[in-house]
Amino acid sequence: MSLMDQLFPANHKTTFVVDHTPYFGLASNSHIKMDFTKRPSGGVPPAPIFKSMWTCSIEAVLEYCRIVWDLFPEGKLIRVISSDMQSRNLNNWSSSQQNVNYMLHHLSCLGPPAKLVPNPNRDYSVVYGFRTAAEAMIECTTAQMDQGAKKNNIEVQNKCRTIIITSARDNPSIDNLMSMFHNEMIKCNKYASQPSSMSIHHCHLVIINTYPDSITCEVTDRPSHTISPMLDLEVHSIPASKIGIKISNLLLKHYNLASTTVTGIPMKEEQNASSSANYDVEIYHAATAHTTILNANVADAKAVVAKKEGADYETIKLKWCTPRANNNLPDIHSCTTLHRITPVDINSRPSACLITFLLNGRSVLLEMIKQGGGKSMSHVLKSYNGEIYIHTVSSGRTVLEDPPAISEGPGGKVTQYRISDFGNFMRLNLLQPSKRKQTDDKNNIDDAKEKLKKQTAYWPLITSSTIIYNIRQYTEPMLSLMVKDNLNDHEVMSCKQCIYALIAAESKNEHLLTPSLSNPRKMMKKDDQYKSMWAELETFLKSNLYTENHCKVLQCLFECRGKLDEEKIIEKTLMRFKKSLAERPSVIRATTDSPMSPPLTQQTGIKHNIAQKTIDADPNSVMYLQIVQDQDNRRLNPSSRPQFAGRSKSIQKRNGNLFAKLYQHLDDDTDAKSVK
């Protein structure tokens, strides 16, 4: 990504065009929640009040704006435009109008949509807002004008995003809306002039088609695809009651955000202050805060990742840790990243209590529950000057520490690296320059990479994470033979003898590993040793299935362990190997019999003919006979097979290469030809 793409991405300017026609005054399935504390007993509950499509849409838009403005105080601008009989700007790109209070004031002046009464004299449409949105996109923001004023010879890119919330009948209606919006962009680009306006380089158009829950819609979703070099289109069709969930999902994608759910927050009950219960609070922040968790152990990452209920995105569940007396928690922990946060449901009581707790100067530790049952501190929540941030706690060494020595012992450092095994591995894969010229197309570098990939398919780094590499008296020479490209029958028998030796040791109830002298209590039980050993051996053999003989070794393991279902998989793999071996001779024969293409200097133009004796090909091959026949036909009847235009008009240089000019008719008068 270039510097300009980082400074002014598509989310630098976002424009909402919200349908304010009478159709959006219809009721949706989303009702307004009301609590009546002093309702008489036995009284009839009031009828539910349902929100209109306009209320659902504008609430979702305001929530989109609130989250963006909370997380990005500068640099991410949003404009909202309503459209009925005319378009209305509810705000502009000025920073003073980029806040929720300003939007609420102008929405109260706008009012709800008009009543749905047929009136031929009034033409309501969302199309009126397209021209206003295009004019807003070509209008330069303060940051764009400041960057354009700098004389650094860097072109400022005007990339935008427009989200249209409307209701259409079918897919052709959506295509019609897209076409009209595209035309408005082209028209506005024609009169854009610096420095107050700038042509639109690219726009990401998102059309959200919404409708009442009681009807069905024929509009289908479309993923983001290119319409023209300056326009991408994305379509979503959703009922009005679920438009808020859809816009929240789009928000995470548009601004590269992630969701974290703080679980197990102790809170006193509102009705009974003497009792407490645990609540969950969801927060949004930059996605890079989860990089450490997601790049850690895969099993631990899956344990904390869960799909958000009722939504299409995933959230990371982190457990609340009881705060300590020392409030300077970020100062005593090494933190790698820091990002602003904002609650998803700002009106809920748990969210309000958590935000108030943090704004009072307290800090909150967040723990990640691992799959094995352990815990590790992953994040810290703390506020600075009224802004709440999430800190990512470093799980490894800090940058302040000295780099570890490979032979370190004290202090709990990792000392169990397989140093000698790694040295042998490097000696076996030592690369040397070739002394002979390569006569074929064989690439030794790719072969070496493929060999390394095979030998490292399963290669533990430390001795404590492996068993089979610690019991070489049983597993050798199987570990050395299975990584080879081919195995003969004698080597297969040697590998099977290793498996039989392990079976015999298990039947005699022998210890595989010797007890640790430093801490004998950490020694695994015999049953656990053999269980882990067989699982690791199966993983190792499955990672080295290159030929039919390799599969025979794995099949021997399954037969000894009594895994009948796995034997069927091995049989299918063997059949595939046998089929490939049966087809291989014909493939090799076809590739080796094909003649090499003649050099470029021997290719024919009008003045260049290939002599029959200069063709270096096997006289027995079909390709050779075809070339000779084509040459005879062209010599007897030149018009039987027309030559390529580039070769016929080519010019031979001194070195014998052919030179042909591309786009020869580029300078012709194309307009005159079209008139004729």
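**Close-up views of a predicted protein chain**

**View 1. Ile 186 is found in helix α6, residues 171-190.** In this predicted model, local features need pLDDT of at least 70 and side-chain atom pairs count only at pLDDT 80 or more, whereas totals for chains, interfaces and linings use all residues. Residues are numbered from 1 along each chain as its sequence is written, and side-chain values use heavy atoms, with hydrogens and water left out. Helices (H or I, at least four residues) and strands (E, at least two) are DSSP runs, numbered from the N terminus. Ile 186 is partly exposed, at a relative accessible area of 35%; buried means under 20%, exposed over 50% and partly exposed in between (1.4 Å probe, protein chains only). From C-alpha to C-alpha, Ile 186 and Ser 199 are 9.1 Å apart in space and 13 residues apart in sequence.

**View 2. Two prolines sit in loops.** Here is Pro 46, in the loop between β2 (27-31) and β3 (50-52). Its relative accessible area of 43% makes Pro 46 partly exposed. A separation of 9.7 Å divides the C-alpha atoms of Pro 46 and Met 34, which are 12 residues apart along the chain. Pro 118 belongs to the loop between α3 (100-110) and α4 (128-138). With a relative accessible area of 79%, Pro 118 is exposed. Pro 118 and Pro 22 are 96 residues apart in sequence, yet their C-alpha atoms are 9.8 Å apart in space.

**View 3. Helix α16 (residues 489-507) crosses α17 at roughly 165 degrees.** Their axes come within 12 Å; axes are lines fitted to C-alpha atoms, for helices over the stretch in contact, and angles run from 0 to 180 degrees between N-to-C directions. The crossing of α16 and α17 is left-handed, meaning that the near helix is turned anticlockwise from the far one by less than a right angle (clockwise would be right-handed). On the α16 side the contact is made by Ile 499, Leu 502, Ile 503, Ala 505 and Glu 506, and on the α17 side by Tyr 530, Met 533, Trp 534 and Leu 537; contact means heavy atoms within 4.5 Å. By class, this contact of α16 with α17 has eight nonpolar, no polar and one charged residues. Ala, Val, Leu, Ile, Met, Phe, Trp, Tyr, Cys and Pro count as nonpolar, Asp, Glu, Lys and Arg as charged, and the others, Gly among them, as polar.

**View 4. Helix α17 (residues 526-542) packs with helix α18 (residues 548-561) at an angle of about 155 degrees.** The axes of α17 and α18 are 9 Å apart. The angle makes α17 roughly antiparallel to α18, and their crossing is left-handed. Trp 534, Leu 537, Glu 538, Leu 541 and Lys 542 of α17 meet Val 553, Leu 554, Leu 557, Phe 558 and Arg 561 of α18. Seven nonpolar, no polar and three charged residues form the contact of α17 with α18.

**View 5. pLDDT stays under 50 over residues 517-521 and over residues 584-618.** pLDDT is the predictor's confidence in each residue, from 0 to 100. For residues 517-521 the model has zero contacts beyond four places in sequence, while for residues 584-618 it has 36. The protein chain averages a pLDDT of 78, and 72% of the residues score at least 70.

Note on methods. Angles under 35 degrees count as roughly parallel, over 145 as roughly antiparallel, 65 to 115 as roughly perpendicular and the rest as oblique.
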